[in-house]
Amino acid sequence: MPIDEMEIPRYVVMGENATSYLPKIVKKLNLKKVLIITGKKNTKRITEKKVVPLLTNEINIEVISIDSKIDFHTVKEIFENCQEKRYDAILAAGGGGVIDCGKITASWLDIPFISYPTAASHDGISSPSISFLLREEIKRYGKFSNIVKSPIAIIADTEVISQAPKRLLISGFGDMIAKYTAVRDWKLAHKLRNEPFSEYAASMALMSAKVVRNNIPIIRHGGEKAARVITKALIGSGVSMAIAGSSRPASGAEHMFSHALDLLSEKYNFKRALHGEQCGVGSIVTAYLHGMNWRKIRNALRAVGAPTTSKELGIADEYLIEALHIAHTIRPERYTILGDKGISREAAEEALRVTGIIK
Ligand code: ZN
């Protein structure tokens with residue numbers, strides 16, 4: 001039998017004022033010198049107000065503030081500046097870009113990473129993976145690994161997270177609903193390609209989708225309770241990836257569709273929607289291709305106010321058609337309902353039309 005290797009978070013603290021646990025965790029992990037990476041404006045303000053005062057008398061900290069729109073060069077620069085400094089760990093306090101930056105830098109330095117999300121917009125807050133475009137950039141450069149580790153600790157202060165714009169939370173909902181189709185794609189690859197399948201990881205990812213779907217009234221209402229439900233689901237999904245040793249349980253054709261939109265947005269210079277928003281819409285159409293109850297997914301997204309059409313995404317129909325048509329090329333090794341050859345442009349248009357995503 002093959003050996004399964006898993007690296008999962010050691011401390012997960014979630015709830016109102018979870019930040020107060022920081023000194024305790026830093027002590028348990030025996031950290032003496034920590035680099036804190038944060039964003040600009042709002043996340044910087046949160047870090048300075050909530051995180052820094054708790055740690056400043058306990059350990060040696062340094063804080064850097066970066067633009068949330070990070071690219072490979074930002075990360076490389078931080079990594080190079082860190083090399084001589086001998087930090088014990090990196091703590092990233094911010095949104096997706098900041099978390100990604102901390103995660104990669106810590107992985108390259110081979111030191112622990114602490115995730116302190118200020119929003120709950122996707123499962124990157126807890127997973128051993130980074131955003132698609134950044135991963136591609138690192139791959140293109142060639143010198144660095146794009147494989148990252150799970151955070152050693154996740155501190156999710158729902159009081160902080162609930163202050164983030166509601167749109168981010170709803171995006172987190174979309175990323176979780178997408179697990180229905182992601183797991184279906186994985187099962188398909190298992191059946192048709194004999195790909196290893198973990199019942200535990202799949203159940204955990206599905207549980208995240210179920211939890212958010214069962215709590216639609218709470219999520220629609222927003223606030224601390226909604227932040228708690230979404231954050232819990234995001235953490236579960238991140239851990240499912242750590243158990244599987246890949247993003248398989250959390251990412252299928254609907255994610256490839258979203259990644260394709262990201263690529264097209266760079267190529268044609270249009271504004272893309274949020275990751276979870278795109279994945280949610282992707283999940284409607286790939287559920288349709290699977291012959292699943294796609295209306296159930298669409299209705300759940302609609303019920304919380306997530307986008308379900310091209311108009312609501314703010315992306316032109318032609319790009320959505322193109323994205324679905326080329327989605328299978330995004331990760332050719334990852335078998336999904338799109339098959340090896342993908343679907344024709346006409347079939348893509350038809351699927352998007354039938355599901356009401358385009359008119
Ligand atoms: Zn995702």
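Into which domains is the chain divided? The chain of this predicted model is divided into domain 1, residues 11-164, and domain 2, residues 172-354. A zinc ion is coordinated by Asp175, His255 and His275. The second largest pocket lies between the two domains, because both give residues to its lining.

**Domains**

- The C-alpha centres of domain 1 and domain 2 are 26 Å apart.
- To the contact between them, domain 1 gives 23 residues and domain 2 gives 26 residues.

**Second largest pocket**

- The space in the second largest pocket comes to about 1,000 Å³.
- Its lining is made up of 37 residues.
- Nearest the centre of this pocket are Met241, Ala244, Gly245, Ser246 and Ser247.
- Helix 5 (132-141) and helix 11 (223-244) are the elements that give two or more residues to the lining.
- By residue class, the lining of this pocket has 18 nonpolar, seven polar and twelve charged residues.
- Domain 1 (11-164) and domain 2 (172-354) both contribute to the lining, so the pocket is placed between them.

**Zinc site**

- The donor atoms to the zinc ion are OD of Asp175, NE2 of His255 and NE2 of His275, at 2.1 to 2.2 Å.
- Along the chain, these donors follow the spacing D-x79-H-x19-H.
- Asp175 belongs to helix 7 (residues 166-177) and His275 to helix 13 (residues 275-290), so this pair ties together parts that are 100 residues apart in sequence.
- Asp175 counts as buried because its relative accessible area is 0%, under the 20% cut-off.
- His275 has a relative accessible area of 25% and is therefore partly exposed, as the value falls between the 20% and 50% cut-offs.

- His259 is located in helix 12 (residues 253-268).
- With 7% relative accessibility, His259 is buried.
- Leaving out residues up to four places away in sequence, His259 touches Phe132, Arg135, His275 and Ile330; of these, His275 is also a zinc donor.
- His190 is part of helix 8 (residues 179-193).
- A relative accessible area of 33% makes His190 partly exposed.
- Not counting residues up to four places away in sequence, His190 is in touch with Glu195, Pro196 and Phe197.
- His190 and Glu48 are 142 residues apart along the chain, and their C-alpha atoms are separated by 47 Å.

- Ile36 sits in strand 2 (residues 33-38).
- The relative accessible area of Ile36 is 0%, so this residue is buried.
- Apart from neighbours within four places in sequence, the contacts of Ile36 are Thr47, Val51, Leu55, Ile61, Glu62, Val63, Ile64 and Leu91.
- Between Ile36 and Tyr116 there are 9.9 Å in space, C-alpha to C-alpha, although the two are 80 residues apart in sequence.
- Thr286 is buried, and its relative accessible area is 0%.
- Setting aside neighbours within four places in sequence, Thr286 has contacts with Thr181, Ala253, Glu254 and Ile337.

**Loop residues with positive phi**

- Asn17 is not a glycine, yet its phi is positive, at about 60 degrees.
- The loop that holds Asn17 runs between strand 1 (11-15) and helix 1 (22-28).
- Asn17 is partly exposed, with 37% relative accessible area.
- Arg86, likewise a residue other than glycine, has a positive phi near 55 degrees.
- Arg86 lies in the loop between helix 3 (72-82) and strand 4 (89-94).
- The relative accessibility of Arg86 is 71%, so this residue counts as exposed.

Notes:
Residues numbered from 1 in each chain as written. Predicted model: local features only at pLDDT ≥ 70, side-chain atom pairs only at ≥ 80, totals over all residues. Heavy atoms only, no water. 1 Å grid on protein atoms, 1.4 Å probe; cavity = no way out; pocket = protein on both sides within 12 Å on 5 of 7 lines; lining within 4 Å. Points joined across faces, edges and corners; volume = space filled by probe spheres on them. Helix = DSSP H or I, 4+ residues; strand = E, 2+ residues; numbered from the N terminus. Nonpolar A, V, L, I, M, F, W, Y, C, P; charged D, E, K, R; others polar. Domains from an automatic or database assignment. Donors = N, O, S within 2.8 Å, 3.2 Å for Na, K, Ca; no water. Buried < 20%, exposed > 50% of the residue type's maximum accessible area, 1.4 Å probe, protein only. Contact = heavy atoms within 4.5 Å.
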